[in-house]
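Grab a pencil and work through these exercises with the model open beside you. Each task is followed by a solution in steps.

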Amino acid sequence: MSPELKTKILATFNTLNDGLVGRESVIKVALLTVLAGENLLLIGPPGTAKSLIARRVAEALTPDESNSYFEYLLTKFSTPEEIFGPLSITALKADCFKRNTAGYLPTVQVAFLDEIFKA
């Protein structure tokens, strides 16, 4: 690993960890999953900074893009439209199935689905 890359990773880790207590291992795993291009499942009681870590990772990855992060609190009543975007009525009139996905899960780089086991 080059010294420049190591410095950037450490700086990102320090930024993500700023103000958090005892979350170093979770942040390291979050950074590792981002570097590996994989998904991360955080399980824990309320108030353990799961959503805060997801927001900070998204901000560190794409600080200038507004539509690069999607967050949604799932319930047993959640529908696909709430996560993947609403259907296009105009396209349906033309006998075409199309979703308006801008700003929803299919178009973002980082997504946080909260309470996924309740869905």
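**Exercise 1. Find which residues lie nearest the centre of the largest pocket, and say what its lining is made of.**

Step 1. The lining of the largest pocket counts 31 residues, and Leu40, Leu41, Leu42, Ala111 and Phe112 sit nearest its centre. A pocket here is an open set of points on a 1 Å grid over the protein atoms alone, where a 1.4 Å probe fits, with protein on both sides within 12 Å along at least five of seven lines; lining residues have an atom within 4 Å of a point.

Step 2. Helix 2, helix 3 and strand 2 (110-114) are the elements that give two or more residues to this lining. Helices (H or I, at least four residues) and strands (E, at least two) are DSSP runs, numbered from the N terminus.

Step 3. Helix 3 gives the most, with six residues.

Step 4. Sorted by class, the lining has 19 nonpolar, eight polar and four charged residues. Ala, Val, Leu, Ile, Met, Phe, Trp, Tyr, Cys and Pro count as nonpolar, Asp, Glu, Lys and Arg as charged, and the others, Gly among them, as polar.

Step 5. The space in this pocket comes to about 880 Å³, taken as the space filled by probe spheres set on grid points joined across faces, edges and corners.

A quick word on the model: it is predicted, so local features need pLDDT of at least 70 and side-chain atom pairs pLDDT 80 or more, while totals for chains, interfaces and linings use all residues. Residues are numbered from 1 along each chain as its sequence is written, and side-chain values use heavy atoms, leaving out hydrogens and water.

**Exercise 2. Describe how helix 2 packs on helix 3.**

Step 1. The axes of helix 2 (residues 24-36) and helix 3 (residues 50-61) come within 11 Å, crossing at roughly 45°. Axes are lines fitted to C-alpha atoms, for helices over the stretch in contact, with angles from 0 to 180 degrees between N-to-C directions.

Step 2. The two helices are therefore oblique to each other (under 35 degrees is roughly parallel, over 145 roughly antiparallel, 65 to 115 roughly perpendicular, the rest oblique).

Step 3. On the helix 2 side, Val26, Ile27, Ala30 and Val34 meet Ile53, Val57 and Leu61 of helix 3, contact meaning heavy atoms within 4.5 Å. That contact splits into seven nonpolar, no polar and no charged residues.

**Exercise 3. Now place helix 1 against helix 2 and helix 3.**

Step 1. Helix 1 (residues 3-17) and helix 2 have axes that come within 10 Å and cross at roughly 130°. Helix 1 and helix 2 are therefore oblique.

Step 2. The axes of helix 1 and helix 3 come within 10 Å, at roughly 140°, which makes this pair oblique.

Step 3. Thr12, Thr15, Leu16 and Asn17 of helix 1 meet Arg56, Val57 and Ala60 of helix 3.
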